[in-house]
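Hi there,

Here is the structure I promised to pass on. Have a look, and my notes follow below.

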Amino acid sequence: MALSVFDLFSIGIGPSSSHTVGPMRAAGTFVEGLAADGLLDRVTRVKAELFGSLGATGHGHGSAPAVVLGLGGQRPETVDTARAPAVVAEVSGSGRLRLGGRHEIRFSDRDDLVLHRRRSLPGHPNGMIFRAYEGRDELRARTYYSVGGGFVRAEGDGEGGAVAEDETPLAHPFASADELLLRCAETGVPVSEVMRRNETAWREPAEIDGGLLRIWRVMEECVEAGSSHDGVLPGGLRVRRRAPGLRARLEARGRPTDPLDVMDWVSLFAIAVNEENAAGGRIVTAPTNGAAGIVPAVLHYYRRFVPGADDAGIVRFLLTAGAIGVIIKRNASISGAEVGCQGEVGSACAMAAAGLTEVLGGTPEQVENAAEIGIEHHLGLTCDPVGGLVQIPCIERNAVGATKAIHAGRMALHGDGAHVVSLDKAIRTMRQTGADMSVKYKETSRGGLAVNVIEC
């Protein structure tokens, strides 16, 4: 399976890559398949059913409106995040939906969009079934799985643009951290260059750089938006946005004098991103929305506080982080519904630690060590969002994960890359821990903080 850095870092909409971006893409894929086969104009009704974690926390994670937007032809990369709530409200109020933006049908968000809170599909905890009808006759039914990070897989033939296994031949293929280190030793180049050469299987070098710098610009815009918008986050928990106030206090201090002031800025960057995500804003999956604040926060730390930081370093950072993400996704999971938050925040921490270590001059062995530290110290982390919302504990968890990534990188740089627990062993442990973890701790809001915090 070949994965690109742009699979790990994609532009979308909050609050969740698996619960918002994935369902939107699945709904759009279903409609595109109907149109491609000449069936769209015959459709009189569409029914969507969400199962497992999608059904359990879909309301808080924005799954229901995401499906409506996807059926209406919106895409996560381009949807107008400011207008999206009004578009969904109009469909609900009128009882009419334009499939793919062109074919109008009746649509009831009560009868045609069903969230099964305690039913699951066999393929993955995030399952969906879409059905299209002509009168009472079923024209088509398709099952999709949102497998984390906005990735969607169709059950069966993978038609209509759903993400399927990519067998593109790569210049320097690797399926594990050990193989990645071997590729670095064979070629004499750093992790980022191995990843760059593999990326040329899909894109020209200039397109790679341009695309990654666009990802960075969206991350910058997200931090700016998140630290500028005040008020209360949606969803009923009445969580106040903290990033604007924190930014004002830090700016009032002026130039940092206490060395730990820098870490306050890192917390601000992460909190800003995740508050914007919780509000349904424009976001970059990194590798998921629930963990989207860690990589941008560490990148902002690099750009703002590391002497000599430049755009070339940002590209190298993202390529290195992407290489670690590829290994994790291939050998374990980045889905909170599958392995708990160790797969989201733990993966993001490992990716950010690796990227920072490389741009600070680390060897491939030190990069691997940093990633291992990042993931090892998130093992067993549960996903227990209060109220099914990506707010508590998710926002603060990203700030802590970002500071841990920086510490992991610095620890690795003070060593020679030799360590007892390899990254591959830590990833294998994460997969096994996730398999052993009770389902109530895997993004269902039926355990942990989710049942011990009173919703107000």
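First, a convention for the helix packing: axes are lines fitted to C-alpha atoms, for helices over the stretch in contact, and angles run from 0 to 180 degrees between N-to-C directions. Helices (H or I, at least four residues) and strands (E, at least two) are DSSP runs, numbered from the N terminus. This is a predicted model, in which local features need pLDDT of at least 70 and side-chain atom pairs count only at pLDDT 80 or more, while totals for chains, interfaces and linings use all residues. Residues are numbered from 1 along each chain as its sequence is written, and side-chain values use heavy atoms, with hydrogens and water left out.

On confidence: pLDDT, the predictor's confidence in each residue from 0 to 100, averages 94 over the protein, and 97% of the residues score at least 70. Residues 157–163 have a pLDDT below 50, and this stretch makes 16 contacts in the model beyond near neighbours in sequence (contact means heavy atoms within 4.5 Å). Where pLDDT is low, the predicted coordinates should not be read in detail.

Residues 4–155 are 33% helix and 31% strand, with end C-alpha atoms 22 Å apart. For residues 187–450 the figures are 61% helix and 2% strand, and the end C-alpha atoms lie 49 Å apart.

Now the helix pairs. Helix H10 (residues 261–278) packs on H16 at an angle of about 140 degrees, with the axes 8 Å apart. That makes H10 oblique to H16 (under 35 degrees counts as roughly parallel, over 145 as roughly antiparallel, 65 to 115 as roughly perpendicular and the rest as oblique). Residues in this contact include Met 263 and Val 266 of H10 and Ile 395 and Asn 398 of H16. They divide into eight nonpolar, five polar and one charged (Ala, Val, Leu, Ile, Met, Phe, Trp, Tyr, Cys and Pro count as nonpolar, Asp, Glu, Lys and Arg as charged, and the others, Gly among them, as polar).

Helix H15 (residues 364–376) also packs with H16 (residues 394–413), at about 140 degrees with axes 8 Å apart, which makes H15 oblique to H16. The residues of that contact are six nonpolar, four polar and no charged.

Best wishes
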